[in-house]
Amino acid sequence: MRFLFASLAAASLVAQTSGAQPASIVYRLGKDTSAVEQYTRTATSITGDMVQRNGPAIARYHYAITLGKDGRPTAATLTRHNQDGSAAPAPNTWRYTVTTDSIVRETVFADSTARRVFAAKGGFVNWPTFIYGPTELLAAARAKKQPVDSLPAVGNAGNLGFTGLIALSGDSTRLRGGAYAMVLRHDAQQRLISVDGSGTTNKITATRGGAVNFDAVAKAMKPTGVLSLREDARGAFGQGGMVIVDYGRPQVRDRSVWGGVLVPFDSVWRMGANDATHLFTTRPLVMGSLAIAPGMYTLWVQHTRSGTYLIVNKQTGQWGTVYSAAQDLGRVAMTLSDAPGFTETMTIVVKSANATSGALELAWGDKVASVPFTIGAR
(Lines give C-alpha, C1' and ligand atoms only; values in the text may rest on other atoms or scores of the structure.)
Protein backbone atom coordinates (compact mmCIF):
# COMPACT_ATOMS: atom_id res chain seq x y z
CA MET A 1 0.00 0.00 0.00
CA ARG A 2 1.50 3.32 -1.04
CA PHE A 3 1.14 6.60 0.83
CA LEU A 4 2.79 9.43 -1.05
CA PHE A 5 3.58 12.50 0.99
CA ALA A 6 3.24 14.61 -2.14
CA SER A 7 -0.51 13.95 -2.11
CA LEU A 8 -0.75 15.96 1.09
CA ALA A 9 1.04 19.02 -0.26
CA ALA A 10 -2.26 20.88 -0.24
CA ALA A 11 -2.37 20.44 3.54
CA SER A 12 0.86 22.40 4.05
CA LEU A 13 0.68 25.42 6.29
CA VAL A 14 2.24 28.79 5.69
CA ALA A 15 5.50 29.04 7.67
CA GLN A 16 5.60 31.48 10.53
CA THR A 17 7.10 34.82 9.62
CA SER A 18 8.74 35.41 12.96
CA GLY A 19 10.26 33.31 15.72
CA ALA A 20 10.98 29.62 15.40
CA GLN A 21 9.59 27.91 12.31
CA PRO A 22 8.26 24.34 12.35
CA ALA A 23 10.18 21.78 10.33
CA SER A 24 9.04 18.44 9.01
CA ILE A 25 11.11 15.35 8.31
CA VAL A 26 9.57 12.90 5.84
CA TYR A 27 10.87 9.34 6.21
CA ARG A 28 10.58 7.25 3.05
CA LEU A 29 11.18 3.63 2.13
CA GLY A 30 11.86 4.03 -1.56
CA LYS A 31 9.00 6.29 -2.68
CA ASP A 32 6.65 5.18 0.09
CA THR A 33 6.27 7.49 3.09
CA SER A 34 6.78 5.45 6.27
CA ALA A 35 6.75 8.23 8.87
CA VAL A 36 6.50 11.99 9.26
CA GLU A 37 7.98 14.05 12.08
CA GLN A 38 7.22 17.71 12.71
CA TYR A 39 8.88 19.78 15.40
CA THR A 40 9.80 23.29 16.50
CA ARG A 41 13.08 24.15 18.19
CA THR A 42 13.60 27.34 20.20
CA ALA A 43 16.31 28.46 22.61
CA THR A 44 14.41 26.91 25.51
CA SER A 45 12.55 23.92 24.08
CA ILE A 46 11.87 21.40 21.33
CA THR A 47 8.32 20.20 20.80
CA GLY A 48 7.31 17.76 18.14
CA ASP A 49 5.04 15.04 16.81
CA MET A 50 5.75 11.87 14.90
CA VAL A 51 3.45 9.42 13.13
CA GLN A 52 4.50 6.18 11.47
CA ARG A 53 2.91 3.33 9.60
CA ASN A 54 3.75 0.32 11.72
CA GLY A 55 2.49 -3.00 10.38
CA PRO A 56 -1.26 -3.26 11.12
CA ALA A 57 -1.46 0.04 13.03
CA ILE A 58 -0.56 3.71 12.96
CA ALA A 59 1.72 4.83 15.82
CA ARG A 60 1.60 8.48 16.83
CA TYR A 61 3.76 10.30 19.42
CA HIS A 62 4.10 13.78 20.88
CA TYR A 63 7.30 14.88 22.58
CA ALA A 64 8.38 17.97 24.49
CA ILE A 65 11.86 18.86 25.73
CA THR A 66 12.76 21.67 28.11
CA LEU A 67 16.27 23.05 27.69
CA GLY A 68 18.57 24.64 30.26
CA LYS A 69 20.71 27.70 29.69
CA ASP A 70 23.45 25.47 28.29
CA GLY A 71 21.08 24.09 25.62
CA ARG A 72 20.93 20.64 27.16
CA PRO A 73 17.68 18.92 28.20
CA THR A 74 16.48 19.32 31.78
CA ALA A 75 13.08 17.65 31.33
CA ALA A 76 11.19 15.78 28.63
CA THR A 77 7.89 14.05 28.00
CA LEU A 78 6.90 11.41 25.44
CA THR A 79 3.20 10.62 24.91
CA ARG A 80 1.72 7.92 22.69
CA HIS A 81 -1.60 8.53 20.91
CA ASN A 82 -4.02 6.70 18.69
CA GLN A 83 -4.18 7.67 15.02
CA ASP A 84 -7.00 10.16 15.65
CA GLY A 85 -5.03 11.90 18.39
CA SER A 86 -6.87 10.36 21.34
CA ALA A 87 -4.94 8.84 24.23
CA ALA A 88 -3.49 5.40 23.57
CA PRO A 89 -3.89 2.64 26.18
CA ALA A 90 -1.61 3.00 29.20
CA PRO A 91 1.29 3.10 29.66
CA ASN A 92 1.20 5.98 27.21
CA THR A 93 3.31 8.66 28.89
CA TRP A 94 6.97 8.75 29.87
CA ARG A 95 8.46 11.67 31.81
CA TYR A 96 12.17 12.41 32.18
CA THR A 97 14.01 14.69 34.56
CA VAL A 98 17.69 15.28 33.78
CA THR A 99 20.00 16.66 36.45
CA THR A 100 23.75 17.13 36.47
CA ASP A 101 24.32 13.58 37.71
CA SER A 102 21.13 11.57 37.09
CA ILE A 103 18.18 10.82 34.81
CA VAL A 104 14.77 10.07 36.33
CA ARG A 105 12.26 8.17 34.19
CA GLU A 106 8.59 7.98 35.15
CA THR A 107 6.30 5.57 33.31
CA VAL A 108 2.65 6.50 33.72
CA PHE A 109 0.12 3.66 34.02
CA ALA A 110 -3.65 3.96 34.43
CA ASP A 111 -3.46 3.52 38.20
CA SER A 112 0.15 4.23 39.11
CA THR A 113 3.48 5.71 38.05
CA ALA A 114 6.70 3.68 38.01
CA ARG A 115 9.82 5.70 38.80
CA ARG A 116 13.46 4.78 38.17
CA VAL A 117 16.58 6.81 38.83
CA PHE A 118 19.74 6.28 36.75
CA ALA A 119 23.14 7.63 37.73
CA ALA A 120 24.34 9.58 34.70
CA LYS A 121 26.28 12.79 34.12
CA GLY A 122 25.34 14.96 31.15
CA GLY A 123 22.47 12.68 30.22
CA PHE A 124 20.12 12.70 27.21
CA VAL A 125 16.95 10.88 26.20
CA ASN A 126 16.90 8.06 23.65
CA TRP A 127 13.82 8.56 21.48
CA PRO A 128 11.88 6.00 19.41
CA THR A 129 12.84 5.44 15.78
CA PHE A 130 11.70 8.30 13.49
CA ILE A 131 12.10 10.89 16.23
CA TYR A 132 15.35 12.49 15.11
CA GLY A 133 14.62 16.20 15.54
CA PRO A 134 16.20 16.13 19.04
CA THR A 135 19.56 15.20 17.46
CA GLU A 136 19.86 18.94 16.83
CA LEU A 137 20.76 19.20 20.52
CA LEU A 138 23.67 16.80 20.00
CA ALA A 139 24.74 18.75 16.92
CA ALA A 140 24.61 22.00 18.91
CA ALA A 141 26.78 20.52 21.66
CA ARG A 142 29.19 19.23 19.04
CA ALA A 143 29.39 22.71 17.49
CA LYS A 144 30.52 23.97 20.91
CA LYS A 145 33.35 21.40 20.82
CA GLN A 146 31.72 19.37 23.57
CA PRO A 147 32.24 15.57 23.49
CA VAL A 148 29.10 13.95 22.08
CA ASP A 149 30.31 10.57 20.82
CA SER A 150 28.99 8.59 23.81
CA LEU A 151 26.60 10.23 26.25
CA PRO A 152 24.46 8.38 28.82
CA ALA A 153 20.83 8.17 27.73
CA VAL A 154 17.57 6.57 28.81
CA GLY A 155 14.67 5.53 26.59
CA ASN A 156 11.09 4.62 27.41
CA ALA A 157 12.10 1.07 28.34
CA GLY A 158 15.13 -0.80 29.61
CA ASN A 159 18.20 0.29 31.47
CA LEU A 160 20.70 3.10 30.99
CA GLY A 161 22.08 3.23 27.46
CA PHE A 162 23.91 5.85 25.45
CA THR A 163 23.58 8.17 22.48
CA GLY A 164 26.01 10.22 20.45
CA LEU A 165 27.33 11.42 17.13
CA ILE A 166 30.50 10.32 15.36
CA ALA A 167 31.95 12.62 12.71
CA LEU A 168 32.05 11.34 9.14
CA SER A 169 33.07 13.31 6.06
CA GLY A 170 31.85 16.87 5.48
CA ASP A 171 28.82 17.77 7.58
CA SER A 172 27.72 14.15 8.09
CA THR A 173 27.68 12.28 11.38
CA ARG A 174 26.63 8.80 12.41
CA LEU A 175 24.15 8.33 15.23
CA ARG A 176 25.17 6.01 18.06
CA GLY A 177 23.01 4.30 20.65
CA GLY A 178 19.73 4.27 18.73
CA ALA A 179 18.05 1.30 17.11
CA TYR A 180 19.80 2.15 13.82
CA ALA A 181 23.13 3.84 13.07
CA MET A 182 21.61 6.52 10.87
CA VAL A 183 23.79 8.98 8.96
CA LEU A 184 22.65 12.51 9.78
CA ARG A 185 23.34 15.89 8.21
CA HIS A 186 22.95 19.14 10.17
CA ASP A 187 23.53 22.59 8.74
CA ALA A 188 25.54 25.47 10.24
CA GLN A 189 22.59 26.29 12.53
CA GLN A 190 22.50 22.64 13.68
CA ARG A 191 19.18 22.08 11.91
CA LEU A 192 18.58 18.49 10.84
CA ILE A 193 18.68 18.38 7.03
CA SER A 194 18.60 14.67 6.21
CA VAL A 195 18.56 11.17 7.68
CA ASP A 196 20.04 8.22 5.78
CA GLY A 197 19.51 4.65 6.91
CA SER A 198 20.53 3.03 3.63
CA GLY A 199 23.61 1.56 5.32
CA THR A 200 21.44 -0.11 7.99
CA THR A 201 18.71 -2.72 7.84
CA ASN A 202 16.16 0.08 8.24
CA LYS A 203 16.87 1.49 4.71
CA ILE A 204 14.84 4.66 5.41
CA THR A 205 15.95 7.99 3.94
CA ALA A 206 14.53 11.36 4.93
CA THR A 207 14.73 15.04 4.07
CA ARG A 208 13.70 18.26 5.77
CA GLY A 209 10.73 20.32 4.70
CA GLY A 210 8.45 23.05 6.00
CA ALA A 211 5.42 22.85 8.26
CA VAL A 212 2.51 20.56 7.38
CA ASN A 213 -0.97 19.96 8.74
CA PHE A 214 0.26 17.14 10.94
CA ASP A 215 -3.17 16.03 12.13
CA ALA A 216 -4.35 15.66 8.53
CA VAL A 217 -1.22 13.71 7.63
CA ALA A 218 -1.68 11.34 10.57
CA LYS A 219 -5.36 10.70 9.89
CA ALA A 220 -4.71 10.04 6.18
CA MET A 221 -2.04 7.40 6.75
CA LYS A 222 -2.82 3.78 6.01
CA PRO A 223 -1.18 0.80 7.76
CA THR A 224 1.55 -0.92 5.81
CA GLY A 225 0.41 -4.38 6.76
CA VAL A 226 3.13 -6.98 7.11
CA LEU A 227 6.23 -5.99 5.16
CA SER A 228 8.54 -8.65 3.73
CA LEU A 229 6.15 -11.58 4.07
CA ARG A 230 7.67 -14.90 5.07
CA GLU A 231 7.64 -17.72 2.52
CA ASP A 232 9.08 -21.18 1.96
CA ALA A 233 10.79 -22.29 -1.24
CA ARG A 234 10.65 -26.07 -1.54
CA GLY A 235 12.16 -28.70 -3.81
CA ALA A 236 11.48 -32.46 -3.77
CA PHE A 237 14.22 -34.99 -4.53
CA GLY A 238 12.96 -38.55 -4.49
CA GLN A 239 11.03 -40.17 -1.67
CA GLY A 240 11.58 -38.18 1.53
CA GLY A 241 14.13 -35.88 -0.10
CA MET A 242 13.34 -32.26 0.72
CA VAL A 243 15.26 -29.00 0.44
CA ILE A 244 13.43 -26.03 1.94
CA VAL A 245 14.46 -22.38 2.24
CA ASP A 246 12.48 -20.20 4.68
CA TYR A 247 12.97 -16.48 4.03
CA GLY A 248 11.48 -12.98 4.22
CA ARG A 249 10.59 -11.30 0.91
CA PRO A 250 11.59 -7.62 0.79
CA GLN A 251 10.58 -5.35 -2.09
CA VAL A 252 12.80 -3.12 -4.20
CA ARG A 253 10.63 0.00 -3.75
CA ASP A 254 12.56 2.02 -6.34
CA ARG A 255 15.92 1.41 -4.68
CA SER A 256 19.17 0.06 -6.13
CA VAL A 257 19.75 -3.64 -5.49
CA TRP A 258 23.00 -5.37 -6.47
CA GLY A 259 25.94 -3.25 -5.37
CA GLY A 260 23.49 -0.55 -4.24
CA VAL A 261 21.33 0.26 -1.24
CA LEU A 262 19.83 -3.19 -0.72
CA VAL A 263 22.79 -5.51 -1.37
CA PRO A 264 25.87 -3.33 -0.88
CA PHE A 265 29.23 -4.48 -2.18
CA ASP A 266 31.23 -6.65 0.23
CA SER A 267 28.70 -6.67 3.09
CA VAL A 268 27.29 -9.97 4.34
CA TRP A 269 23.59 -9.77 3.54
CA ARG A 270 20.86 -11.80 5.24
CA MET A 271 19.51 -13.05 1.87
CA GLY A 272 16.05 -11.77 2.65
CA ALA A 273 14.47 -9.76 5.44
CA ASN A 274 13.78 -9.90 9.18
CA ASP A 275 14.68 -13.35 10.64
CA ALA A 276 17.73 -14.99 9.13
CA THR A 277 17.08 -17.08 6.02
CA HIS A 278 17.10 -20.77 6.93
CA LEU A 279 17.96 -23.84 4.86
CA PHE A 280 16.51 -27.26 5.78
CA THR A 281 17.67 -30.40 4.00
CA THR A 282 16.83 -34.06 4.60
CA ARG A 283 19.59 -35.23 2.26
CA PRO A 284 23.30 -34.47 2.00
CA LEU A 285 23.95 -31.63 -0.44
CA VAL A 286 27.04 -30.76 -2.43
CA MET A 287 27.36 -27.20 -3.72
CA GLY A 288 30.58 -26.79 -5.64
CA SER A 289 33.24 -28.06 -3.22
CA LEU A 290 31.01 -27.52 -0.16
CA ALA A 291 29.50 -30.61 1.46
CA ILE A 292 26.36 -29.98 3.53
CA ALA A 293 25.10 -32.69 5.88
CA PRO A 294 21.34 -33.12 6.48
CA GLY A 295 20.05 -30.56 8.95
CA MET A 296 19.30 -26.87 9.38
CA TYR A 297 21.52 -23.91 8.46
CA THR A 298 21.27 -20.20 7.69
CA LEU A 299 22.08 -18.69 4.31
CA TRP A 300 23.84 -15.41 3.57
CA VAL A 301 25.11 -13.65 0.47
CA GLN A 302 28.23 -11.59 -0.07
CA HIS A 303 28.20 -9.61 -3.30
CA THR A 304 31.59 -8.25 -4.36
CA ARG A 305 33.00 -6.60 -7.47
CA SER A 306 34.80 -9.83 -8.30
CA GLY A 307 31.97 -12.27 -7.62
CA THR A 308 28.85 -13.21 -5.65
CA TYR A 309 29.00 -15.88 -2.95
CA LEU A 310 26.50 -17.97 -1.03
CA ILE A 311 27.52 -18.51 2.61
CA VAL A 312 26.20 -21.50 4.55
CA ASN A 313 26.33 -20.92 8.31
CA LYS A 314 25.77 -23.36 11.17
CA GLN A 315 24.12 -20.84 13.51
CA THR A 316 20.31 -21.01 13.42
CA GLY A 317 17.29 -19.40 15.04
CA GLN A 318 18.68 -15.84 14.97
CA TRP A 319 17.58 -12.46 13.65
CA GLY A 320 18.92 -11.60 10.24
CA THR A 321 21.52 -9.12 11.46
CA VAL A 322 23.15 -11.66 13.78
CA TYR A 323 25.94 -13.21 11.75
CA SER A 324 29.08 -14.95 13.03
CA ALA A 325 31.76 -15.78 10.47
CA ALA A 326 33.18 -18.25 13.00
CA GLN A 327 30.05 -20.36 12.43
CA ASP A 328 30.48 -20.55 8.65
CA LEU A 329 30.32 -24.03 7.20
CA GLY A 330 31.69 -22.59 3.99
CA ARG A 331 30.90 -20.55 0.89
CA VAL A 332 30.37 -21.23 -2.76
CA ALA A 333 30.43 -18.97 -5.82
CA MET A 334 27.07 -18.05 -7.35
CA THR A 335 26.38 -17.20 -10.97
CA LEU A 336 24.93 -13.69 -11.23
CA SER A 337 23.15 -13.06 -14.51
CA ASP A 338 20.66 -10.66 -16.05
CA ALA A 339 17.07 -11.58 -15.29
CA PRO A 340 14.52 -12.02 -18.08
CA GLY A 341 12.34 -9.44 -16.31
CA PHE A 342 12.33 -7.21 -13.25
CA THR A 343 11.54 -8.88 -9.90
CA GLU A 344 10.07 -6.38 -7.42
CA THR A 345 9.61 -8.83 -4.53
CA MET A 346 12.65 -10.94 -3.77
CA THR A 347 12.02 -14.54 -4.81
CA ILE A 348 13.93 -17.73 -3.98
CA VAL A 349 13.28 -20.92 -5.93
CA VAL A 350 14.58 -24.42 -5.20
CA LYS A 351 14.61 -26.13 -8.61
CA SER A 352 14.47 -29.91 -8.86
CA ALA A 353 16.04 -31.24 -12.06
CA ASN A 354 15.72 -34.85 -10.94
CA ALA A 355 16.08 -36.94 -7.77
CA THR A 356 19.79 -36.19 -7.47
CA SER A 357 20.32 -32.65 -8.70
CA GLY A 358 18.84 -29.20 -8.49
CA ALA A 359 19.63 -25.50 -8.13
CA LEU A 360 19.01 -22.65 -5.75
CA GLU A 361 17.99 -19.41 -7.45
CA LEU A 362 17.57 -15.92 -6.00
CA ALA A 363 15.85 -13.33 -8.20
CA TRP A 364 15.68 -9.67 -7.19
CA GLY A 365 15.69 -6.52 -9.22
CA ASP A 366 17.26 -7.08 -12.61
CA LYS A 367 19.51 -10.02 -11.62
CA VAL A 368 19.31 -13.71 -10.78
CA ALA A 369 21.93 -15.37 -8.55
CA SER A 370 22.06 -19.16 -8.76
CA VAL A 371 24.06 -22.13 -7.59
CA PRO A 372 23.62 -25.79 -8.62
CA PHE A 373 23.75 -28.68 -6.16
CA THR A 374 23.66 -32.46 -6.11
CA ILE A 375 21.77 -34.69 -3.68
CA GLY A 376 23.42 -37.57 -1.86
CA ALA A 377 21.82 -40.72 -0.53
CA ARG A 378 20.53 -41.00 3.03
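Visitor: Which residues lie nearest the centre of the largest pocket, and how many residues line that pocket?

Guide: Thr-201, Asn-202, Ser-228, Ala-273 and Asn-274 lie nearest its centre. The lining has 45 residues. Keep in mind that this is a predicted model.

Visitor: Which elements give two or more residues to the lining of the largest pocket?

Guide: They are strand 2 (32–41), strand 3 (45–54) and strand 18 (268–269). Strand 3 gives the largest share, three residues. The volume of the largest pocket is about 1,300 Å³.

Visitor: How do you know where the largest pocket lies relative to domain 1 and domain 2?

Guide: Look at who lines the pocket. Domain 1 (21–220) and domain 2 (230–375) both contribute lining residues, so the largest pocket lies between them.

Visitor: What is the lining of the largest pocket made of, by class?

Guide: There are 18 nonpolar, 19 polar and eight charged residues.

Visitor: What makes up the lining of the second largest pocket, by class?

Guide: Here the count is 15 nonpolar, six polar and no charged residues. In total, 21 residues line the second largest pocket. Val-125, Asn-126, Trp-127, Ile-131 and Thr-163 lie nearest its centre. The volume of this pocket is about 260 Å³.

Visitor: Now the charges. Why is the contact of Arg-253 and Asp-32 called a salt bridge?

Guide: Set the distance against the cut-off. A side-chain nitrogen of Lys or Arg must be within 4 Å of a carboxyl oxygen of Asp or Glu. Arg-253 and Asp-32 meet at 2.3 Å, N to O. The pair therefore qualifies as a salt bridge.

Visitor: What parts does the Arg-253 and Asp-32 pair tie together?

Guide: Arg-253 is in the loop between strand 17 (242–248) and strand 18, while Asp-32 is in strand 2, so the pair links parts 221 residues apart in sequence.

Visitor: Are Arg-253 and Asp-32 buried or exposed?

Guide: Buried means under 20% relative accessible area. Arg-253 has 11%, so Arg-253 counts as buried. Asp-32 has 4%, so Asp-32 counts as buried too.

Visitor: What makes Arg-41 and Glu-136 a salt bridge?

Guide: Their side chains meet at 3.0 Å, N to O. That is within 4 Å, so the pair counts.

Visitor: Why is Arg-41 called partly exposed?

Guide: Its relative accessible area is 25%. Glu-136, at 2%, falls under 20% and so counts as buried.

Visitor: How do you know that Arg-115 is exposed?

Guide: Exposed means over 50%. Arg-115 has 55% relative accessibility, so Arg-115 counts as exposed.

Visitor: What is the salt-bridge partner of Arg-115?

Guide: The partner is Glu-106, with the closest N and O atoms 4.0 Å apart. Glu-106 is partly exposed, with a relative accessible area of 21%.

Visitor: Which residues do salt bridges with shared partners join into one network?

Guide: Arg-41, Glu-136 and Arg-208.

Visitor: And how many salt bridges does the structure hold?

Guide: The structure holds 13.

Note on methods
Residues are numbered from 1 along each chain as its sequence is written. This is a predicted model: local features need pLDDT of at least 70, side-chain atom pairs count only at pLDDT 80 or more; totals for chains, interfaces and linings use all residues. Side-chain values use heavy atoms; hydrogens and water are left out. On a 1 Å grid over the protein atoms alone, a cavity is a set of points where a 1.4 Å probe fits but cannot get out, and a pocket is an open set with protein on both sides within 12 Å along at least five of seven lines; lining residues have an atom within 4 Å of a point. Grid points are joined across faces, edges and corners, and a volume is the space filled by probe spheres set on the points. Helices (H or I, at least four residues) and strands (E, at least two) are DSSP runs, numbered from the N terminus. Ala, Val, Leu, Ile, Met, Phe, Trp, Tyr, Cys and Pro count as nonpolar, Asp, Glu, Lys and Arg as charged, and the others, Gly among them, as polar. Domain bounds come from an automatic or database domain assignment. Buried means under 20% relative accessible area, exposed over 50%, partly exposed in between (1.4 Å probe, protein chains only).
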